[in-house]
Amino acid sequence: MFERFTKDARGVVKSAFAYVEGGDGQSVEPEHLLLALLDREGSRGSFALTALGLGERRESVRQALRQARRRAGLSQADTDALAGLGIDVAEIVARVEEVHGVGALSGDHGDKGWWSGRASFGRGAKGVLEHSLRVALAQRDRHIGDEHILLALTMRPGVPAEVLADHGVTYESLVRVLYGGGEAKAG
């Protein structure tokens, strides 16, 4: 599958690994792929994000991802569902962080001494990359670009899709920008 990846898609994967190797978890997750996409410039994916108004709001997306990470990766929908059951996630996070420090639920382990080896793909990131192949095939593209990874992120349930949707980036809006049917089309 990776032989079909464009230079931009490979760059996203490398950047996602860099986030993990920089201390942001033990495996590449969908959130890392989104962070890597936010860093891209001059690619179809970055064009689409800019065309949808995310260019100037990238820090807001990063902040929303950090907040979800502090909630142990729970999406806002998960948090709302738990609130309906009388469970206040914010209170739980506050109590855990009071005892164990800020970010205790994020899964980060400042001392990676217990973990050895190279970072790998988590199940969610593998799913996104596999789905990006399906997206490319559905669009009759012969390659997998960063735009396909972005489209796959919007289609899979979870924090990245929720955060993107909250910022006006959905599968439908991306398809319109990338493949026509709207005013802008990525080239």
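1. A crossing of two helices is called left-handed if the near helix is turned anticlockwise from the far one by less than a right angle, and right-handed if clockwise. By that rule helix 2 passes helix 8 in a left-handed crossing. Helices here are DSSP runs of H or I with at least four residues, numbered from the N terminus.

2. On the basis of the note: this is a predicted model, in which local features need pLDDT of at least 70 and side-chain atom pairs count only at pLDDT 80 or more, while totals for chains, interfaces and linings use all residues. Residues are numbered from 1 along each chain as its sequence is written, and side-chain values use heavy atoms, with hydrogens and water left out.

3. Helix 2 covers residues 30-39, and its axis and that of helix 8 come within 10 Å and cross at roughly 135°. Axes are lines fitted to C-alpha atoms, for helices over the stretch in contact, and angles run from 0 to 180 degrees between N-to-C directions.

4. Contact means heavy atoms within 4.5 Å. By class, this contact has 7 nonpolar, no polar and 1 charged residues. Ala, Val, Leu, Ile, Met, Phe, Trp, Tyr, Cys and Pro count as nonpolar, Asp, Glu, Lys and Arg as charged, and the others, Gly among them, as polar.

5. Helix 8 also packs with helix 10 (residues 171-179), where the axes come within 9 Å and cross at roughly 160°. That angle makes helix 8 roughly antiparallel to helix 10, and the crossing is left-handed. Helix 8 contributes E147, H148, L150, L151, T154 and M155, and helix 10 contributes Y171, L174, V175, L178 and Y179. The classes in this contact are 8 nonpolar, 2 polar and 1 charged residues.

6. T154 sits in helix 8 (residues 146-155). Is T154 buried or exposed? T154 is buried, at a relative accessible area of 15%; buried means under 20% relative accessible area, exposed over 50%, and partly exposed in between (1.4 Å probe, protein chains only). Apart from neighbours within four places in sequence, T154 is in contact with A161, L164, V169, T170, Y171 and L174.

7. The model has 5 salt bridges, where a salt bridge is a side-chain nitrogen of Lys or Arg within 4 Å of a carboxyl oxygen of Asp or Glu. One of them joins the side chains of E147 and R44 (3.5 Å, N to O). This pair links distant parts of the chain, with E147 in helix 8 and R44 in helix 3 (residues 44-51), 103 residues apart. E147 counts as buried because its relative accessibility is 2%.

8. E59 takes part in two of the pairings listed here: with R62 (4.0 Å, N to O) and with R66 (2.7 Å, N to O). E59 and R62 both lie in helix 4 (residues 58-70), 3 residues apart, about one turn of the helix. R62 is buried at 16% relative accessibility, whereas E59 is partly exposed at 46% and R66 is partly exposed at 41%. A network of salt bridges links D39, E59, R62 and R66.

Conventions
Helices (H or I, at least four residues) and strands (E, at least two) are DSSP runs, numbered from the N terminus. Angles under 35 degrees count as roughly parallel, over 145 as roughly antiparallel, 65 to 115 as roughly perpendicular and the rest as oblique.
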